[in-house]
Amino acid sequence: MTDATTGGARGGDTGWHVSEEDLRAYARGGLTAPALWSADTHLAACAHCRGVLADVGDPVALDAGWERLDAELDAPRPGFLEALLLRCGMADHTARLLAATPALRRSWVGAVAAVLLLTVAVTAGHSAGGSPALFLALAPLLPLAGVALSYGPALDPTYEMAVVAPVHGFRLLMIRTVAVLTVGIGFNGLATLALPGYGLRALGWLLPALALTATGLALAARLGPVRGPSLVGVGWIALLVTAEAARTGAEDPLAPFTAAGQGVSALVAVLAAGLLVLLRDRFDSGRANAA
């Protein structure tokens, strides 16, 4: 340590200071311990040496360092889902876009769980010998609604980032759809376990859910991510109302949940998936992104 004005070991009134030579080495990153430790401690309390360091340092390198620090401080901390996806090897931009999916947020997941719990409670309150019509009618709509919330400028807060991200629009749609379906079907499956008295009849929602989701996505390519699934949801409700009016016995299953109805749901799901693949380029054209 030397005096900044005389270069001696003691600076009289100014006290100890780091030599200019050591400060240059410090700025280059070439100062080694224990001189490095002494310089770090001294610079924290000495405005004079910090000023000398600013003069002898490389301004370009200093500005670059501040920019890196600002970028690090301003970078958002990844949430639990995003961090998990990054650990699984997913690209950071894809993980960010997937984690920002509105239908994967706690508010939406909590709402879905609450609706299912209420529906299960109402269904379980009826005789186990009947049909879980309310649960079967509602369960296919939840994955459809989740998918409708997952893509497009009206509801996706990261839509602008998704447009410029190096991800094909159809690929992003499929990634989010799979994620939302996994969560939605998982919740529906747990709710089904709470209705053991109905046996396999309580699983009648699965094929209609896949059919509604695939049809909603196919229509979204032309009508947009909100209007397409909304139209499918309205059609499903109208179908159930018609089936209820045509039902002869109170305990008879509604037409979509009979063996024939399940077969039709499977066929619709396959056809809609094929149509979706044929229309996949529309999700990059901007025509499918209108609300």
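Biologist: Is Leu134 buried or partly exposed?
Modeller: Partly exposed, with a relative accessible area of 46%. Keep in mind that this is a predicted model.
Biologist: Where does Leu134 lie?
Modeller: In helix α8.
Biologist: Which residues form a nonpolar patch on the surface with Leu134?
Modeller: Leu118 and Val122. Together the three have about 270 Å² of accessible area.
Biologist: Now the inside. Which residues touch the most other members of the largest nonpolar core?
Modeller: Leu116, Phe135, Leu195, Trp205, Leu240 and Phe257. That core has 22 residues.
Biologist: Which helices each supply at least two residues of this core?
Modeller: α7, α8, α9, α12 and α13 do. The largest share, 4 residues, comes from α13.
Biologist: And what does Leu195 touch?
Modeller: Leaving out residues up to four places away in sequence, Leu195 touches Val120, Thr123, Ala124, Phe135 and Ala202.
Biologist: Which residues does the second core include?
Modeller: Phe170, Leu217, Ala220 and Phe283 are among them. This core is separate and has 11 residues.
Biologist: Switching to cysteines. How many disulfides are there?
Modeller: The count is 0.
Biologist: Why is Cys46 in no disulfide?
Modeller: The nearest cysteine sulfur, that of Cys49, is 3.6 Å away.

How values were computed. Residues are numbered from 1 along each chain as its sequence is written. This is a predicted model: local features need pLDDT of at least 70, side-chain atom pairs count only at pLDDT 80 or more; totals for chains, interfaces and linings use all residues. Side-chain values use heavy atoms; hydrogens and water are left out. A nonpolar core is a set of buried Ala, Val, Leu, Ile, Met, Phe, Trp, Tyr and Cys residues joined through side-chain atoms within 4.5 Å. Buried means under 20% relative accessible area, exposed over 50%, partly exposed in between (1.4 Å probe, protein chains only). Contact means heavy atoms within 4.5 Å. Patches are made of residues with over 30% relative accessible area and no salt bridge: like charges are joined within 9 Å, nonpolar side chains (Val, Leu, Ile, Met, Phe, Trp, Tyr) within 5 Å. Accessible areas come from the Shrake-Rupley method with a 1.4 Å probe; for residues, only the protein chains shown count as cover. A salt bridge is a side-chain nitrogen of Lys or Arg within 4 Å of a carboxyl oxygen of Asp or Glu. A disulfide is a pair of cysteine sulfur atoms within 2.5 Å.
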